[in-house]
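Open the model in a viewer with a residue selection tool ready. The stops below each begin with something to select.

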Amino acid sequence: MSEPFAAPPADVLVVGSLNMDLRIRTPRLPAPGETLTGSGFDTDGGGKGANQAVAAARQGARVAMLGAVGQDAHGAALLAALQADGIDTHAVERIAGTPSGTAAILLMPDGENSIVVIPGANHALTPERVRAQADRLRQARVVVAQLECPLDAVTEALAIAREAGAVTVLNAAPVQPLGDALLGQLDWLVVNEIEAAALAGMPVPGPAEARAVAEQLRRRGPRQVLVTLGAEGLVLAGPEGTLALPAPRVQAADTTGAGDTVVGALAAALAAGRPLREALTRAQAAAALAVTRLGTQSAMPTAAEVDALVADLHLQGDTP
C-alpha cells in the first residue's frame with residue numbers, strides 16, 4: 001500500500017498514468033509485414049499523468065502524483081525520475097504481479113509520432129485507492145486527470161477535488177465517451193483537435209471549427225474548454241467568450257508529450273494564480289520549447305526557460 005499522508009499539500013496533484021516510453025526513431029511507418037531499419041532507440045519516463053506532473057514541477061509548482069506502477073525495474077525507474085524533479089510519489093502504489101505501464105513510440109523524421117500504450121499497473125487505480133488519498137485531493141489547489149487510468153477512478157478523484165474547492169482539470173485523452181455529469185465537475189476540459197472532434201461529433205480542421213466545438217462542449221458543463229491545435233495555437237471557450245492564441249514559431253524535432261506539457265504548465269500557472277492569458281501564453285511557450293528537443297519528460301523546459309522565451313516573444317511582438 002502507499003505510505004500514509006505526511007507531505008505538505010500539493011499545489012498541483014496529478015491523478016493518472018505512469019509509463020516507460022520505448023522510443024524508436026524510424027524513417028516512416030512500416031507497411032503490414034514489412035521490416036524497417038530504425039535510426040535510434042531510447043527510453044524515457046512517460047505516461048500522460050507523469051508527464052503532466054513533470055511539466056508542472058519544472059514550472060515551479062509543488063506537485064504530487066497519484067497512480068500505480070508495478071514492482072519491476074520500470075516502476076522503480078519511473079518513481080526515481082519523478083522524485084528527481086521533486087515530485088511527491090507517496091500516493092503512487094506499487095502493484096505486485098502486474099507490470100508497469102509501457103508505451104511504444106514510433107518517431108518520424110518530421111517529429112510526428114505514432115504510439116501504442118500498454119496500461120499495465122495503471123489499470124489497478126480504483127475508486128477505493130483514490131478514496132484512500134482523499135486528504136491529498138482535498139488539500140491540493142489544482143487536481144489534474146487524464147483517461148489512461150480507469151474512468152471510475154478519475155471520476156471519483158475529480159468529484160472529491162471539486163467538492164473541496166480545488167480547480168479541476170481533465171485532459172480527455174485517450175478520448176472516450178464522457179457523460180455530462182463528469183463534464184459538469186470540470187473547471188477545465190483540455191483536448192486536442194482529434195479529441196474535440198470525437199467528443200463533439202464534428203470535424204475540427206482548423207481554429208474556426210475549434211471555436212465552435214469548444215463552445216459546444218462548454219455547454220455540456222465545463223467552465224473552460226481549451227482546444228490545442230499544435231502549430232496552429234489554441235482556442236479557449238470560457239465564461240467571457242472565446243479566445244484564440246497563435247503558437248510560437250519553432251522547428252519541431254519531437255512532438256511527443258507536447259500536449260502534456262501544455263496541461264502541466266497550465267496547471268502550474270493556475271495554481272500560482274497567474275492571469276488567464278498569461279497562463280495560456282506560458283503553457284504554449286513551454287510546449288514550443290519541448291517540441292524542439294528529443295524526448296518526453298527529458299524535453300520539458302524549466303520555468304526560467306519559459307520566462308526567457310516569453311520575454312523574447314514580447315520583444316518580437318509575438319506574444320498575444
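This is a predicted model: local features need pLDDT of at least 70, side-chain atom pairs count only at pLDDT 80 or more; totals for chains, interfaces and linings use all residues.

Select Asp180, which is partly exposed, with a relative accessible area of 45%; partly exposed covers the range between buried (under 20% relative accessible area) and exposed (over 50%), computed with a 1.4 Å probe on protein chains only. Asp180 belongs to helix α6 (residues 180-183). Helices here are DSSP runs of H or I with at least four residues, strands are runs of E with at least two, and both are numbered from the N terminus.

Residues are numbered from 1 along each chain as its sequence is written, and side-chain values use heavy atoms, with hydrogens and water left out.

Now show the whole protein. Its secondary structure consists of eleven helices and 13 strands. The radius of gyration is 18 Å, close to the 20 Å that the globule rule gives for 320 residues, so the protein is as compact as a globular protein of that length; the radius is taken over C-alpha atoms, and the rule is 2.2 Å times the number of residues to the power 0.38. Along the principal axes, the C-alpha atoms fill a box of roughly 50 × 50 × 40 Å. Buried residues account for 53% of the 320. Of the contacts (heavy atoms within 4.5 Å) with a separation of 6 or more, 67% join residues 24 or more positions apart.

Next, select helix α1 (residues 48-58). Ten of its eleven residues are buried, so α1 is largely enclosed by the rest of the structure. Among the buried ones are Lys48, Asn51 and Gln52. Just after α1, Gly60 has a positive phi of about 95°.

How do they cross, and at what angle? Their axes come within 7 Å and cross at roughly 45°, the axes being lines fitted to C-alpha atoms over the stretch in contact, with angles from 0 to 180 degrees between N-to-C directions. The two helices are therefore oblique to each other. The crossing of α1 and α9 is right-handed. On the α1 side the contact involves Lys48, Asn51, Gln52, Ala55 and Ala56, and on the α9 side Asp260, Thr261, Val263, Gly264, Ala265 and Ala268.

Move to Ser17, in the loop between β1 (12-15) and β2 (19-25). Ser17 is buried, with a relative accessible area of 0%. Beyond its neighbours within four places in sequence, Ser17 contacts residues including Lys48, Gly49 and Ala50, as well as Met65, Asn122 and Cys149.

Then pick Gly120, in the loop between β7 (113-118) and α3 (127-131). Gly120 is partly exposed, with a relative accessible area of 23%. Not counting residues up to four places away in sequence, Gly120 touches Thr98, Pro99, Ser100 and Gly101.

For the last stop, select helix α7 (residues 193-200) and helix α8 (residues 207-218), which pack at an angle of about 50° with axes 10 Å apart. Ala196, Leu199 and Ala200 of α7 meet Val213, Gln216 and Leu217 of α8.

Notes. Angles under 35 degrees count as roughly parallel, over 145 as roughly antiparallel, 65 to 115 as roughly perpendicular and the rest as oblique. A crossing is left-handed if the near helix is turned anticlockwise from the far one by less than a right angle, and right-handed if clockwise.
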